[in-house]
Amino acid sequence: MSRQKEHKRPYEAYTYEDGNTVRRLEAAPDFHDERTKRKEERRISEQKRRRRRAARRNRERALKMNAGYVAFLSVCVMAVAFTSVAYVNLQSDLIIRQEAIEDLQEEISTLKLENDAAYKRITASVDLKEIKKQAKRLGMRYPSEDQIVHYTIENTDFMTQYSD
């Protein structure tokens with residue numbers, strides 16, 4: 001506990017006694033550390049300024065166009081334009097060919113339908129009984145056993161027949 005001493009002198013009237021231990025002293029500020037800190041901050045700010053100046057110079061340099069750069073860009077633009085035109089041309093050719101293929105496929109299906117209809121019409125118009133009757137009238141008859149020739153096929157999908 002602190003207690004205030006009463007003294008006759010006025011400047012001692014407001015002092016405190018904190019007991020019998022010595023107070024721990026606070027370390028005095030180290031001016032050397034502050035100086036190095038300030039130097040470091042100055043160095044960092046100087047680096048930032050240099051970088052900003054270099055970036056500004058690079059931007060200015062990048063914005064400048066000389067004749068070679070303009071020629072290079074012109075060649076690039078022409079190459080891209082040529083490629084784009086060629087691509088669009090190929091796409092239009094492809095579309096035209098696809099439409100032609102679709103037209104041909106439609107024509108094929110129409111011809112197949114017509115062919116099937118003609119075949120059915122022909123087969124429907126043929127009367128096999130009438131043909132048999134006319135064949136008998138003309139003297140035709142079924143073949144005899146000695147007129148029939150049997151063939152054997154050995155592992156092939158087709159055979160060639162030669163007439164005698």
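**Overall fold and surface patches**

Of the 164 residues in the protein, 2% are buried, where buried stands for under 20% relative accessible area, exposed for over 50% and partly exposed for values in between (1.4 Å probe, protein chains only). The model is predicted, with local features needing pLDDT of at least 70 and side-chain atom pairs pLDDT 80 or more, while totals for chains, interfaces and linings use all residues. Residues are numbered from 1 along each chain as its sequence is written, and side-chain values use heavy atoms, without hydrogens and water.

Three helices and two strands are present, in the order β-β-α-α-α from the N terminus; helices (H or I, at least four residues) and strands (E, at least two) are DSSP runs numbered from that end. The accessible surface amounts to about 17300 Å², with 57% belonging to carbon and sulfur atoms (Shrake-Rupley method, 1.4 Å probe). Helix α3 (residues 128–137) is hardly covered, with one buried residue among its ten. After α3 comes Gly139, with a positive phi near 95°.

Met65, Tyr69, Val70, Phe72 and Leu73 make a nonpolar one of about 480 Å². Leu73, in helix α2 (residues 67–125), is partly exposed at 33% relative accessible area. Arg56, Arg57, Arg59, Arg61 and Lys64 form a positive patch. Arg56 lies in helix α1 (residues 31–63) and is partly exposed, at 42%. Patch residues have over 30% relative accessible area and no salt bridge, like charges being joined within 9 Å and nonpolar side chains (Val, Leu, Ile, Met, Phe, Trp, Tyr) within 5 Å; a salt bridge places a side-chain nitrogen of Lys or Arg within 4 Å of a carboxyl oxygen of Asp or Glu. Lys and Arg count as positive, with the charge placed at NZ of Lys and CZ of Arg.
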